[in-house]
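Colleague: I would like to learn how to read a model like this one. Could we go through it feature by feature?

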Amino acid sequence: MAQVYNWHLGRSMEYPYEEQHPDRQFAFVFNINRCIACQTCTMACKSTWTFGPGQEYMWWNNVESKPFGGYPQGWDVKLLGKLEQANPGGQVWGEAEEDESGSPRGPYGKYAGKTIFEAAKDGAEDSPQRVLGYLPSEEEWRHPNIHEETAHGPVLGPRDGSHSVELPAHRVWYFYLQRLCNHCTYPGCLAACPRKAIYKRDEDGVVLVDQERCRGYRKCVEACPYKKAMYRPTTRTSEKCIACYPRLEGRDPELGESGVPLETRCMTACVGKIRMQGLVRTEPSGAWANDPGNPLYYLIQERKVALPLYPQFGTEPNGYYIPPRWVPARHLEQMFGPGVEAALEQYSCPDRELLAVLQLFRVSRIVLFRFEIEKGPKVAEVEVTLPSGRKKTQTIYNDTVRGFDARGQEVVRVTVEEPTFERPSRHLNSI
Ligand code: SF4
Ligand code: SF4
């Protein structure tokens, strides 16, 4: 195994292949707080890519209810259990190491446990297993939305205040988790494929299965910790999300050959405006190139308000989440690592700049590469409750945020205060 650097973990880790990184990386941020589980994203993907025979059970994009739901059923609980077995008490984080200049090397600290690559061998150096995983049974793929909206917490009783829904954390809670392939920096699927049929594109880091090379051994299905590689019995090959790459390349036939990268179908369809997709520049080392004007870089690297899903698995996923405000921190920390408290502290009471950037979710189908903010007047002061329970006053300014495409052209301009329009009520019947 080679040693590669995983910045989510703040340390090097074992991986079957040497470091090799794309020039730009497909990445996205989902704001869990805004999702209404309408499944429009799910259907947008399904009707574009997985409507054929053998693909009936394939949901490359799915939205599940946590803590009990999951597709395939129990995917994360099962893998966390296996990781714990191979690594008892080990899924813990310590202080970040310091680099030569004395700055912390990892944004979330240093992961002290084993990843799915390190835990795979189970002590046997000559073990042929490269990735810790499991193959879901057919039954586990049966229910794409099992336990929808089933809450965790005491059974609802009399309104005596014991079942409070006041912040900072609700006693009875659930939330929606939106999932697709993370186009990981160190993909488990790619690591496990004995045919070398899975590859990561140099131009955008999208992970694809070469259908000519694939022989359907399902090693990728077993090894993807997020269970986003799926077997198609009619072709006897595996398939997975392709990040709508014709759109990413700006050559979606329906939209013309503009050459400007467009967001994927699931992103553009999002009704709740929870999604933002981007292409971030990367260094040859795999680190993200310093680019604080890029909205994704800003949210993930500068403000650390969006966090990776199960970073302890070790694949360095490129999907990031703004965690839900009302869920107990212990649950969130297992899922998104130790950055949860800091992320929620900022999200619950965003400052002027962060609030402006948060307006850019789902405002254009064109991928945004840069933002600029024009200052506006102060419009309100509101009292908010932070995750710590502390109250704070948020000052809101009606700033304008502008978004620019890959060519540097302005494609969107939105204000913090949402404009409202009143229809004149002149007619009794509005049909
Ligand atoms: S999420 Fe799974 S299928 Fe997607 S790149 Fe990562 S390991 Fe591969
Ligand atoms: S379309 Fe958006 S709001 Fe609706 S389920 Fe998907 S992510 Fe959630």
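**Reading the model, step by step**

Modeller: Start with ligand 2: of the 15 residues around it, C35, C38, C41, C270 and G272 come nearest. A residue is near a molecule or strand if its C-beta atom, placed from the backbone, lies within 6 Å of it. Keep in mind that this is a predicted model, where local features need pLDDT of at least 70, side-chain atom pairs count only at pLDDT 80 or more, and totals for chains, interfaces and linings use all residues. Residues are numbered from 1 along each chain as its sequence is written, while chains are lettered from A and ligands numbered from 1 in the order in which they are written.

Colleague: How does the shell around ligand 2 divide by class?

Modeller: Ala, Val, Leu, Ile, Met, Phe, Trp, Tyr, Cys and Pro count as nonpolar, Asp, Glu, Lys and Arg as charged, and the others, Gly among them, as polar. Around ligand 2 there are 10 nonpolar, 4 polar and 1 charged.

Colleague: Now the backbone. Where does H183 sit, and what is its phi?

Modeller: H183 lies in the loop between β7 (175-179) and α3 (188-192). Helices (H or I, at least four residues) and strands (E, at least two) are DSSP runs, numbered from the N terminus. The phi of H183 is positive, near 40 degrees, and the residue is not a glycine.

Colleague: Is H183 buried or exposed?

Modeller: Count C-beta atoms, placed from the backbone: a residue is buried if 20 or more others lie within 10 Å of its own, exposed if 12 or fewer, and partly exposed in between. H183 has 27 within 10 Å, so H183 is buried. Compare K196, in the loop between α3 and β8 (198-200). K196 also has a positive phi, about 50 degrees, without being a glycine. K196 has 10 other C-beta atoms within 10 Å, so K196 is exposed.

Colleague: Which residues are joined by cis peptide bonds?

Modeller: One such bond joins K66 and P67, with omega about 20 degrees. Another joins Y71 and P72, with omega about -5 degrees. P67 is in the loop between β4 (62-66) and α2 (75-86). P72 is in the loop between β4 and α2.

Colleague: What span does α2 reach?

Modeller: The expected span is 1.5 Å times one less than the number of residues. α2 has 12 residues and reaches 17 Å from first C-alpha to last, close to the expected 16 Å.

Colleague: Which residues of α2 are buried?

Modeller: W75, D76, L79 and L83. They cover an arc of only 85 degrees around the axis, so they lie on the same side of α2. The arc is that of the directions from the helix axis to the C-beta atoms. The face turned away from that buried side carries the exposed residues V77, G81 and Q85.

Colleague: And strands: in what sense do β10 and β11 pair?

Modeller: Two strands pair if DSSP finds at least two bridges between them. β10 (residues 229-232) and β11 pair in the antiparallel sense over 4 bridges. R232 has T237 of β11 as its bridge partner. The two strands form a hairpin with 4 residues between them, and R236 in the turn has a positive phi of about 55 degrees.
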